[in-house]
Amino acid sequence: MFQTIQVAKGVNIHTRTTDQFKTVNFSVKFKRPLTVEDAAERTVLTNVMQHSNARYPSSAALRMYLDDLYGTVLYLDTTKRGDEHTVLLNIETVNDQYLKTGEVLGKVLELMNTVLFDPNFDNGVFRESIVTREKEMVIERIQSVFDDKSRYAQQQLLNIMRPNHPASISANGKIKDVEKVTPASLVKTYEKMLAEDLIDIYVVGDIDEKEMVDSLKKALPFADRAVDHAVHPTVESKPTETYVSEQQDMKQGKLHIGYHTPVTFTHKDFPKMQIFNGVFGGYPHAKLFMNVREKESMAYYCSSSYSSQYGLVFVISGIDANKEEKAIALIDEQLASIQQGEITDLELTQTKAMLTNQLKEALDSARGQIEIYDQYKELPTAFSVEKMAVKWQAVTKEDIVEMAKKVEKETVYFLSGKEDAPE
Amino acid sequence: MKTIQFDQLDETLYYEKLDNGLDVYILPKKGFSKTFVTFTTKYGSIDRSFVPLGETEAVTVPDGIAHFLEHKMFEKEDGDVFQKFSENGASANAFTSFTRTAYLFSATDHLYESTKTLLDFVQQPYFTEQTVEKEKGIIGQEITMYDDQPDWRLYFGTIENMFHEHPVKTDIAGTIESIDDITAEHLYTCYNTFYHPSNMLLFVIGAVEPEKMMDYIRADQASKTFEEQASIERIEVSEPTDVAVQNRTLEMDVLKPKVYVGLKAKETSLSGREMLKHELSIQLALDVIFGRSSDFYTKVYEAGMIDESYAYDFSLEKGFGFALIGSDTNQTDELVEAIQDVMQKTQEKWPFGLDELERVKRRKIGFYLRALNSIEFIANQFTRYKFNDMNLFDAVPVIEELTVADVQQAFASLQGESQQTVFKVVPIANKAKTVTVQEGQE
């Protein structure tokens, strides 16, 4: 799918030439082990680097230049996967052939170099006023989770189930660590990132591969780095509670249930576990949707998701606050029915068809191609949709029963309205 | 079947109006493995008063019925339609907006089976009192879910402030009380009036062979019978230019206040290329005045009045339109004042010339080219444009033509002070009541 070239130790360029899109997409990913302190530092760093640089020293100047480059989209962000933390620089720019005029691509590569290597320094450190303001922005982003009740409930469940574990550490870090960031500490973080992180550079578009690799080598002159990052000792983390309820002024009850499974992304049973999740609550034909929503009309949404990096399964549903017990019992029943082998041929066929379709569809966007490849390249065998489809096809009812029996309910979290809530 | 070429964009669109009046558009996209199909009726939450098919007297139906009908289309005598889509590996969905109801699926295999499922389920209604009652619990939870979302409440609160009479002010899903009045008979009345093929548009995009697909759809539609339909008579309300309420605040369990300034549009009668020109002009003016490279943005960013939630947007349909500008902020009044101040200054002296316009035009052209990678965007937006007699693929050439005078003239439609409203969502201070009308004019 992608052509990979190692340009320095620990630095790889992955290119994909296609005329499917009218734009060219870049993604530069800086990866290192996830820690809560680093997450805060690196998130502030992405905000500061996105704000301005030495050549475009104000946000307005940078934004005007991007407008001139036909609204080229450029942003930095942080994400996590498993116990790895990623700083990413994503750029999407219009393919020159669709413009009346323009030599946009060359300018975008130049800008990529400026953003990464020519920061907006003042006396050798990032400008204090910008750092201060962007720290506030990050703190506000972290706090805003509280105002989105579904996200808040899920974060609370994770904090209870896996305290101080990569599963519950936000890629944005914690407020108290963001507050500690200084212009000088950011410089250290920035220099470490450039010198030590493992780097994957992706390009998708109607490009000349050889020419692009040459241009990228010039624009992004990264040096060799150690590739054997110290392996994290596995963090042992267990739920602090099996049941927690919390009250806020709100109308709906948000039920979030967490389960553990020993099967993770790199486990040989991973495809079986994906099918289990599909039958349980991954799709509108699944048991949770058909029973909790359609049969009992208790919810607008009731679904499950499989977090394969951490070996966790989540069920979420929005229900009438007075029907908590009934909902939990119904959800338990659906899992029990799978454990007892109540799976129809139709459910199996549907789930396999949906998983295959979903993967193929995700590959119809440039970002989807980058993200899926970036994840699946960790698997020992080369990735293709066909290979995954073959693995899913082989999954039997017995396999699903076996998966269901390994799924263990750990924590129930329920967020709902107070007794004296308004209205 | 006609073909329409867009040379600069390297796209070919296939079109046919079928004998029953259905507009069918097919756009093959090379390199894609999925196909996305939307089947849309020009019928949304604002269509609450109309003359039912075959009758002479106008009726007003309960709020939220278009959305309720959308839900109920999925249930048939032999079960749930999602099951059939899943069997063929297709992801199906639907949505209801102010002016449209769309049914859609995407698939990478069994395209014709799923197309048949889509056409059949939308064209074969099945409503009973029992299934209607059952749905009230599900939609009740959907309404409650939105009630707890501060951003949704902010959006709808601002719209509600702006309009006196126009039904755009009522929530698309209705309320728990209004949906309780809905009966199977209501659903049939709405269905029969608004789901005739002549009021609908089918769009197929992605991995598709246009001739074969058009033949398939034509044959399917020819095999079904539809009553002849006269044009639909919607009862229109007269809506003043000024806003209904100037300022309102809603308390919710949030940490940080949120605010929108709403600008109600004066010009809402255009259609076709004129409307496209008007809409793009206003969007470009907003980009210069409120965009991230504007003086305004720099000022409010540096003063700490906005965060990453800052946004501005303009919506226009026949009969209503509005711009919204706002952010989560601990300085709601200061931000409102800054926005109003900028609006005031645009009236005193027009704030920009050709250089700024050319810059945001380039940005906008880039936006459309990026968006043309998304087959979902094309299908949804093409349909919206078409229902207003506009053409999505005209956007880039129209942008290229626009002058400063065009933009200035269009923006005047938003400039009146009496067209401004403010809505805030703030943390709960006093638990006694949730809504306080502050300087209301009602």
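Modeller: One term before we start: two residues are in contact if their C-beta atoms, placed from the backbone, lie within 7 Å. Also, this is a predicted model, where local features need pLDDT of at least 70, side-chain atom pairs count only at pLDDT 80 or more, and totals for chains, interfaces and linings use all residues. Residues are numbered from 1 along each chain as its sequence is written, and chains are lettered from A and ligands numbered from 1 in the order in which they are written.

Biologist: Okay, how many residues of chain A are in contact with chain B?
Modeller: 57 residues of chain A, and they meet 58 residues of chain B.

Biologist: Which element gives the largest share of chain A's side?
Modeller: H12(A), with 9 residues. Helices and strands here are DSSP runs numbered from the N terminus, with at least four residues (H or I) for a helix and at least two (E) for a strand.

Biologist: And by class, what is on that side of chain A?
Modeller: There are 20 nonpolar, 17 polar and 20 charged residues. Nonpolar covers Ala, Val, Leu, Ile, Met, Phe, Trp, Tyr, Cys and Pro, charged covers Asp, Glu, Lys and Arg, and the others, Gly among them, are polar.

Biologist: At what angle do H2(A) and H12(B) pack?
Modeller: About 65°, with the axes of H2 (residues 59-68) of chain A and H12 (residues 354-371) of chain B 7 Å apart. Axes are lines fitted to C-alpha atoms, for helices over the stretch in contact, and angles run from 0 to 180 degrees between N-to-C directions.

Biologist: Which residues meet there?
Modeller: From H2(A), Met64(A), Asp67(A) and Asp68(A); from H12(B), Arg359(B), Val360(B), Arg362(B) and Arg363(B). By class, that contact has 2 nonpolar, no polar and 5 charged residues.

Biologist: Switching to the chains themselves. What is chain A made of?
Modeller: Its secondary structure comes to 15 helices and 13 strands. The radius of gyration is 24 Å, close to the 22 Å that the globule rule gives for 423 residues, so chain A is as compact as a globular protein of that length. That radius is taken over C-alpha atoms, and the rule is 2.2 Å times the number of residues to the power 0.38.

Biologist: And chain B?
Modeller: Chain B has 15 helices and 18 strands. Its C-alpha trace spans about 65 × 55 × 40 Å along the principal axes. Of its 442 residues, 48% count as buried, meaning 20 or more other C-beta atoms lie within 10 Å of a residue's own; 12 or fewer is exposed, in between is partly exposed, and the C-beta atoms are placed from the backbone.

Biologist: How is chain B divided into domains?
Modeller: The assignment gives domain 1 (2-234) and domain 2 (247-437), with bounds from an automatic or database domain assignment. Their C-alpha centres lie 28 Å apart, and 28 residues of domain 1 of chain B are in contact with 28 residues of domain 2 of chain B. On the domain 1 side, H5(B) gives the largest share, 8 residues. That side divides into 16 nonpolar, 8 polar and 4 charged residues.

Biologist: What's the order of strands in the 7-strand sheet?
Modeller: In chain B, S1-S2-S3-S11-S4-S10-S9, an open sheet with mixed pairing. Two strands pair if DSSP finds at least two bridges between them. S1 (2-6) and S9 (91-96) of chain B stand at the edges, each with a single partner strand, so one side of each has no neighbour in the sheet. The twist averages 15° from one strand to the next.

Biologist: Is S1(B) buried or in the open?
Modeller: Of its 5 residues, the number buried is 0, so S1(B) lies largely in the open. S1(B) pairs with S2 (residues 11-17) of chain B in the antiparallel sense over 5 bridges, and Thr3(B) stands opposite Tyr14(B). Their hairpin has 4 residues between the strands, and Asp10(B) takes a positive phi near 60° there.

Biologist: How many bridges join S4(B) to S10(B)?
Modeller: 7, and S4 (residues 35-41) and S10 (residues 101-107) of chain B run antiparallel. Phe36(B) has Ser106(B) as its bridge partner in S10(B). Helix H1 (residues 65-73) of chain B packs on the sheet, touching S9 and S10 of chain B.
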